[in-house]
Amino acid sequence: MVRLKLHDPSVAPELVSFLRRCQCEVRHLGPTMVGVGVGHPVDPEAAAHRLQDGRCYCCGEQIELVLFRLGSPRCHDCRESSAAIPARANETWTRMEVESYLRIWRVRNPGAHVELVA
Ligand SMILES: [Zn+2]
């Protein structure tokens with residue numbers, strides 16, 4: 001779950017209903033703060049796209065060439081910290097997905113400021 005901070009509380013209802021239409025789980029954390037989660041696990045198709053670019057499935061960083069050639073879907077750091085992977089991967093994906101929805105929302109609401117805070 002990531003948190004979004006709004007500069008203007010009056011845009012909150014519109015943002016919340018937009019994100020719900022995008023299949024997000026949205027929680028009100030305060031008048032200018034909403035929590036957003038994606039209601040599904042990592043999208044395999046998007047993960048495959050990442051891999052085609054030689055990027056780590058978990059963190060999105062470039063996979064070291066030698067590991068990539070061995071067929072590793074994860075970078076060196078993520079291989080080392082294998083226990084922490086599911087949570088970290090989900091967090092990264094949630095951020096990426098919410099950011100892409102926010103880009104669409106900003107185009108539709110040019111005056112409204114929303115920040116992704118965590
Ligand atoms: Zn990684």
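Two residues are in contact if their C-beta atoms, placed from the backbone, lie within 7 Å. Keep that idea handy: in this protein chain, 46% of the contacts with a separation of 6 or more are between residues 24 or more positions apart. The model is predicted, so local features need pLDDT of at least 70 and side-chain atom pairs count only at pLDDT 80 or more, while totals for chains, interfaces and linings use all residues. Residues are numbered from 1 along each chain as its sequence is written.

View 1. Helices (H or I, at least four residues) and strands (E, at least two) are DSSP runs, numbered from the N terminus. Of the 118 residues, 17% are buried. A residue counts as buried if 20 or more other C-beta atoms lie within 10 Å of its own, as exposed if 12 or fewer do, and as partly exposed in between, with C-beta atoms placed from the backbone.

**View 2. Four strands form an open sheet in the order E2-E3-E1-E4, with antiparallel pairing.** E2 and strand E4 (114-116) are the edge strands, each pairing on one side only. On average, neighbouring strands of this sheet are turned by 25° against each other, direction ignored. Axes here are lines fitted to C-alpha atoms, for helices over the stretch in contact, and angles run from 0 to 180 degrees between N-to-C directions.

**View 3. Zoom in on the hairpin that E2 and E3 form, with two residues between them.** Strand E2 (residues 24-30) and strand E3 (residues 33-38) run antiparallel and are joined by six bridges. Two strands pair if DSSP finds at least two bridges between them. Gly30 stands opposite Met33 in E3, and Cys24 has Val38 as its bridge partner. Leaving out residues up to four places away in sequence, Val38 touches Cys24, Thr94 and Glu97.

**View 4. Helix H1 (residues 12-21) lies across strand E1 (2-6), E2, E3 and E4.** H1 runs at about 155° to E2. Which residues of H1 are buried? They are Ala12, Leu15 and Leu19. These three sit on the same side of H1 because they cover an arc of only 65° around the axis, the arc being that of the directions from the helix axis to the C-beta atoms. An α-helix has 3.6 residues a turn, so residues three or four places apart point the same way. On the other side of H1, Pro13, Ser17 and Arg21 are exposed. Just after H1, Gln23 takes a positive phi of about 70°.

**View 5. The largest nonpolar core has ten residues in all.** A nonpolar core is a set of buried Ala, Val, Leu, Ile, Met, Phe, Trp, Tyr and Cys residues joined through C-beta atoms within 7 Å. Look for Leu4, Ala12, Leu15, Leu19, Cys24, Val26, Val34, Val36, Val38 and Val98. H1, E2 and E3 each supply at least two residues of this core. Apart from it lies another core, of six residues, among them Cys56, Tyr57, Ile63 and Cys78.

**View 6. Cys75 is found in the loop between helix H3 (65-69) and helix H4 (76-80).** Why does Cys75 count as buried? Cys75 is buried because 21 other C-beta atoms lie within 10 Å. Beyond its neighbours within four places in sequence, Cys75 is in contact with Cys56, Cys59, Glu61, Ile63, Glu64 and Leu67. Cys75 and Arg55 are 20 residues apart in sequence, and 7.7 Å apart in space, C-alpha to C-alpha.
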